[in-house]
Amino acid sequence: MSLHHITTIAGLHRHLEAAMQLEHATIPPYLTALYSIRPGTNAEAFNIIRVVAVEEMLHLTLAGNLLNAVGGKPNLTAKGFVPDFPAFLPDGESDFKASLQPFSKAAIQNFLQIERPAKSAHHEALEVEPVATGNVAVLERHRQRQGAATLARPPAAAGLRAARVDDDTEEHFFSIGEFYKAIEEGLEALYAEHGDALFCGDPRLQVTGEYYYSGGGELAPVTDLASAKAAIRLISEQGEGYEGGIFDHEGEISHYYRFEQLLLGRYYQRGDDYGKPTGGTVPVDWDAIYPIKANCKLGDYPAGSDLYRAGEAFNREYAAFLGLLTRAFRGEPEVLIQAVGDMFRLKDMITQLMRQPLGGTGSLHAAPTFEMP
Amino acid sequence: MSDGMHRAFRVTPQAASTRTYDVVVVGSGVSGAIVAKELAQSGYRVLVMEAGPGEEMSLADYQRSVERFYGAVSKDNNAPYAENRNAPMPRGPETRKLLPGVPDASGYLVQKGPYEIDSTYTRVLGGTTRHWEAKALRMLPEDFELRSRFGQGLDWPVTYDDLRPHYQKAERELGVAGDVADQAYCGIDFEPGYVLPMHRMPPSYLDQLIARDLDGAEVTLDGETYTLVVRSTPQARNGVPNPAYDGGRGYVPTGAVSLDQAELGLRCQGNTNCVPICPVQAKYDARRTLKAGIDTGRIDLLTQTVASRVEIDPETGRVTAIDFKSYHDPLSPEHETGSVKAKIFVLAANAVENARLMLASNLHGSSDLVGRNLMDHAYLLTWALMPEPAGAYRGPLCTSGIEDLRGGGFRRRQAAVRFSIHNDGWGWATGSPYTDLDLLVDAQNRFGADLRRALVERVSRQLLLDCMIEVLPDESNRVTVDPQYLDQLGNPRPVIAFGIPAYTMEAAAFARRLSKRIFQRIGAEDHTAYDPGAYGWVNYQGEGYVIRGGNHWAGTHLMGASARTSVVDARQRAWDYPNLYLVGAGSMPSIGTSNTTLTLAALCYRSAETIAADLRDESSPLSLVAAEGAA
């Protein structure tokens, strides 16, 4: 039996809340790496990470639309919404943690884990065996890569609020794509049961395309099963490609392969094989960064310093920003236009922090901590 | 195109010389890009020749230009681009006050005066749209009929109604953001139900302050009363797409240009340095059009190659080839020569360079009008301090203007004028904010927090109104060439003779008076002052003004109804050379009070249709079969 069938509206809400938490959880790691790049350098790398971060914001918004469509109530200010980095992702992968790191090969490896494909033509899938271990139900998947290396996920994880099925059980997905697959199946099952009543949310709460667009994928309102499935497809394919391919349905390259380009030093173009891009070069200067401390905490800042106050101020500003987004998802989408200015301010605050050495031994610089007040 | 052809569109001079094209286009700016793309999409094989460097098709290249601009001491129009002695560019800061009778050859343009013009253009991939501001105003219907309506200037062989469908194509291609309801004035009309691709840029806070106090003010001129209204300015800058566009199909904006993935160039973020370069590629430039053409697989691009001569068969009058000089190093004079052949040749190198190339080829036209009737807009700047902080330096350079004096019976006597409200403070007029800093530190001895406060207080209240004034065609305003003035490759440099006619200065004097009234009405403190020592200083009826150029070069191969009175016909075909088209603002017999780009883009759509018809008449496309085989 599958261990994470979504069978109730409450279960669906919980998963969509987890989806918003998940989409948001990718943003601090991406922004940290992005802004650690010294201004004026690494133009191609900067843009690759920037595009992914922007699309994660699109995914966050789509997840909000999904939750609103089925009568949920988005809240980005809930305690624990922002993870304590380094952190397991809210969909329960337990073999890696998402980290706040400077732009580096290690950071990109981490991003590849975050965006790894659920299934792909070049990853021969072996048998899928659900395994139950004590109170923790685990979907254990073994996958063999073409090089015959085995990826096994250990069946253990710290308790993650979003992944809790009930008091005794939590679920773990191998990838973000599989997590959304479960949501999609849940939507279909619940639609069979409830019909159009499933989409009982106020359509005026939907955030629409006039507030967001990017090179790939549009922000569409979710009002029925078809638009819900389209939103899920867009999120999954932008992350990991269409059927595990390098490019998605619209011909846009997926996040996983976007990031891989930084390690391979070359752009993919259509028709390329996995791992063998043949487009233009992606020149990367790994040293042109601010040497920030990974997973920095306010406790790492010199107590009582101006720097400490600046770190606190950023966290307050970020919390206020999440409050603004919450308002946008609760019927005031126009505040997203105003939020553009806030994003510039956040960027300024981040780069100000990253220019400052933490002091003491070592020469590491400060970084935003994303510890919500 | 297939993936293997990723960069195959770049050709060497040798390869270009050995191929025969349907069309050779000289210049990769907006005119050339539109013609090239349209013909390539119709199946024709096109060579685009660009004088400047072609390394402008990746994000890293673009970023280098942005950084060069950030680092430049002078933030002039061409600050983002590296020095190129083989395709030199006019630079505003090179302009000098002329001594009577002494030409100034210190910059690229050789200026003979009497008025010294600081207008520029940009010789890189994408041409002058690389530095343009992206205002995309249509001309007025009456602008096409100046002679018959007002007894001034020239009539066009084309009417507004003829051009309307092509304006729509241009607005799609450039991606114009604007509100049609705001644009219906002075006789401008649109097809019923027409909307622009994107919603208007939001009016700035400054616009709103001015509109609050100015809307409804009345001006009487030659017995007619005009009511002033602050209106949004249409511009080719990505904003919020209008879902009602194209019969409800909506509009998908195009963004940054790159041969690889580049999901950049989204909506305007309000960085306020549209000129010379948008840091996020929200502003249209012609590389977008060129890239779409390149994607057909039927465009070859030959860069770092300057057209040097148009070869004519003396018997048939047809162009047989265009000779070129191709270089590797922008600083070194070393180059190789060659020539390219095609069925049809299109000069799209801008009004000055088109004329320069024709005259360098000794082609003056049977009317002797090649290079004559040089036009540009005359800009009078006026500036003031608002009574309260008004939020300067946020938004595109201009989001609104005053359009009500663009048309009217006064044009029998004085030029039309439109006003732009600037969101970038006094920068254009005074060099603000740098000069404000000098003033506060040197003259007022401010420092520390006090200095910061004072700077913010001063800069955020700055209001600059630019008064954009029409200049009519005048045969003595002209581009010529002179063998004593050559560039490093031995190509003749443009020699400019230009004067500001009284018809224009009458409007300048009027605009100055009106701006005083406007400042008074909105409670702003007038700080306008014109320095007799500045270049561009003009004395008119005892008052001094400083007139600045608008970079809207036009008229040097103007279109008309006959070979006797014009250089090209209504489709921009040279009267004297049946397979030669001269396209761009050089064909415009008047420029009214519109920035020229939207109109010249519309004209190029008309020309592309005619060129395609010419080619169909001659034979089937040379390379259609081959190209599709390769695709």
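Predicted model: local features only at pLDDT ≥ 70, side-chain atom pairs only at ≥ 80, totals over all residues.
Some housekeeping. Residues are numbered from 1 along each chain as its sequence is written, while chains are lettered from A and ligands numbered from 1 in the order in which they are written. Local features need pLDDT of at least 70, side-chain atom pairs count only at pLDDT 80 or more, and totals for chains, interfaces and linings use all residues, with side-chain values taken from heavy atoms and hydrogens and water left out.

Let's start with confidence in chain A. Its mean pLDDT (the predictor's confidence in each residue, from 0 to 100) is 83, and 82% of its residues reach 70 or more.

Now the interface. Chain A puts 28 residues into the contact and chain B 23. Together they bury about 2,000 Å², 54% of it on carbon and sulfur atoms; that is accessible area (1.4 Å probe) lost on putting the two parts together, summed over both. Between the chains there are two residue pairs in polar contact, both at pLDDT 80 or more. (That is N or O atoms within 3.5 Å; within protein, one must be able to donate a hydrogen and the other to accept it, and residues adjacent in sequence count only if both atoms are side-chain atoms.)

Next, please find B:Arg123, in the loop between β3 (110-114) and α4 (146-150) of chain B. Is this residue buried or exposed? B:Arg123 counts as buried because its relative accessible area is 8%, and buried means under 20%, exposed over 50%, partly exposed in between (1.4 Å probe, protein chains only). Its side chain makes a polar contact with the side chain of B:Tyr108 at 3.1 Å, and a polar atom of that B:Arg123 side chain lies 3.0 Å from the backbone oxygen of B:Pro88.

Finally, some backbone details. A cis peptide bond joins B:Gly113 and B:Pro114, with omega about 10°, and B:Pro114 is in strand β3 of chain B. B:Asp222 has a positive phi of about 50° although it is not a glycine.

Key. Contact = heavy atoms within 4.5 Å. Helix = DSSP H or I, 4+ residues; strand = E, 2+ residues; numbered from the N terminus.
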